[in-house]
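Please examine the model shown here first.

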Amino acid sequence: MEGSTRKSAYWRGLLVGLPFMLVILPFGMLFGVVATEAGLNLWATMSFSALVIAGAAQFTALSLLTEGAQTWVIVLTALAVNLRMAMYSAALVPHLGQAPLWKRACIAYLTLDQTYAASTAIYETDPGMGLGAKVALFFGIATPVVPLWYMATLGGALIGSGVPDAWALDFALPLTFLAMLGPMLRTLAHVGAALVSIVLSLLLTGLPAGVGLLIAGLAAMAAGAAIETWQKQRT
């Protein structure tokens, strides 16, 4: 009975994860193209996607890499962008924290915006789901998402290596950031954080590559937190 429950949970998760392919495919291909245009070879591009497996952090690190930023700046900035993963992990602990160590290690690697959002939504609406079914559901959601990220990156890298220099795809990276930023500006705290980061990034352009961006990012997070605190106090 438990085996059939896990199997049905896995297939349920897989079906839930299928729509995410519409986002993963173009996003992964774009990273592959931009990474190739930035000078990364095929091995480096694929290793980047396989090891980091976080779109926003990868684009951020790639942008700093092309600017010649120091390694420690690139690493810290990418970690700052991915701080939300720590919150995702904490939220998943009540549901998946009792799984065997090797499964928790796989879950940690596969924790993405898509797998977190879809799985927790189902966990909360189905409180009677057992641990085995929850784990199976999570892996089911990740099944169409993660392999496609690798394949899309590969496809983009192969396409990018054949793109003529005259096409000048340098604009793709800033356009990608604009596309990611727009939907995030949902609250006053988000807008305030964005404005602080923009102003400080412009004011600190004289600092070594990436340092100004790192400072602006940390200040923006502090500003966003301060605005949220102020709003809660008012209400």
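## Surroundings of Val196

Leaving aside residues up to four places away in sequence, Val196 touches Ala219, Ala220 and Ala223, contact meaning heavy atoms within 4.5 Å. Val196 lies in helix H11 (residues 188-203); helices are DSSP runs (H or I) of at least four residues, numbered from the N terminus. Its C-alpha is 9.0 Å from that of Met221, 25 residues apart in sequence. Val196 is partly exposed because its relative accessibility is 27% (buried is under 20%, exposed over 50%, partly exposed in between, with a 1.4 Å probe and protein chains only).

## Basis of the model

This is a predicted model, in which local features need pLDDT of at least 70 and side-chain atom pairs pLDDT 80 or more, while totals for chains, interfaces and linings use all residues. Residues are numbered from 1 along each chain as its sequence is written, and side-chain values use heavy atoms, leaving out hydrogens and water.

## Aromatic pairs

The whole structure contains 8 aromatic pairs (ring centres within 6.5 Å, using the six-membered ring of Trp; planes under 30 degrees apart are stacked, over 60 edge-to-face, the rest tilted). Phe27 and Trp149 form a tilted pair, at 5.9 Å centre to centre and 45° between the planes. This pair joins helix H2 (residues 21-37) to helix H9 (residues 131-160), across 122 residues. Phe27 is partly exposed at 21%, whereas Trp149 is buried at 6%.

The Phe31 and Phe59 rings are edge-to-face, because their planes stand at 85°, with centres 5.5 Å apart. Phe31 belongs to H2 and Phe59 to helix H4 (residues 55-66). Phe27, Phe31, Phe48, Phe59 and Trp149 form one aromatic cluster.

Methods:
Helices (H or I, at least four residues) and strands (E, at least two) are DSSP runs, numbered from the N terminus.
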